[in-house]
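Subject: Structure handover

Hello,

The structure is below, followed by notes on what turned up in it.

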Amino acid sequence: TRLESVDSAIINVSGDRAEIVLLEKGIFFLYSDVIFNSLNENSENKMEELENAFYPVMRNLEDFLEFFRTRHFGKTVDVIYITGQYSSVEGVDKVFEKNFDIKSQIGYPMGWKPTFSKKANHFNENKLGGVIGLALRED
């Protein structure tokens, strides 16, 4: 699936920080940083542990999705992409899928290139370096 054809959320989770971006048909819609307690990657990471660790991230995402819904006649995003250090933790995609009832997957779809609406043409894309950098990787 190409990002230009779907509304999506990208969550880059690393260390004690998450970057959340909502894209409307591939164009930046909302962005936020969220601080949370870092996850012990060596623990068993049962579903409940993951939910507890990512609670601040999920609450912020929930607010973003509600804002998106109010501006899109009740429609939410089609997919959640999870990237960053914690994207390799087993079950992290299932936590988001279970809590939001939205298809969630690790990584980006092929071919994504960031574009900006005219309203965002003065947007500091360096602030999104981690998210954009990961999106542009081809491995």
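Where is the place of Asp93? Asp93 sits in helix 3; helices are DSSP runs of H or I with at least four residues, strands are E runs of at least two, and both are numbered from the N terminus. This is a predicted model, in which local features need pLDDT of at least 70, side-chain atom pairs count only at pLDDT 80 or more, and totals for chains, interfaces and linings use all residues. Residues are numbered from 1 along each chain as its sequence is written, and side-chain values use heavy atoms, with hydrogens and water left out.

Asp93 has a relative accessible area of 16% and is therefore buried (under 20%; exposed is over 50%, partly exposed in between; 1.4 Å probe, protein chains only). Apart from neighbours within four places in sequence, Asp93 contacts Ile82, Ser104, Gln105 and Ile106 (contact: heavy atoms within 4.5 Å).

The largest nonpolar core has 28 residues; such a core is a set of buried Ala, Val, Leu, Ile, Met, Phe, Trp, Tyr and Cys residues joined through side-chain atoms within 4.5 Å. Phe54, Val57, Leu61, Ile80 and Phe96 touch the most other members. Helix 2 provides the largest share, 6 residues. Not counting residues up to four places away in sequence, Phe54 touches Val13, Phe36, Leu39, Tyr86, Val92 and Phe96. A second, separate core of 9 residues includes Val6, Leu23, Tyr31 and Tyr81.

Two backbone angles to check: Phe73, in the loop between helix 2 and strand 4, has a positive phi near 55°. Asp101, in the loop between helix 3 and strand 5, has a positive phi of about 55°.

Regards
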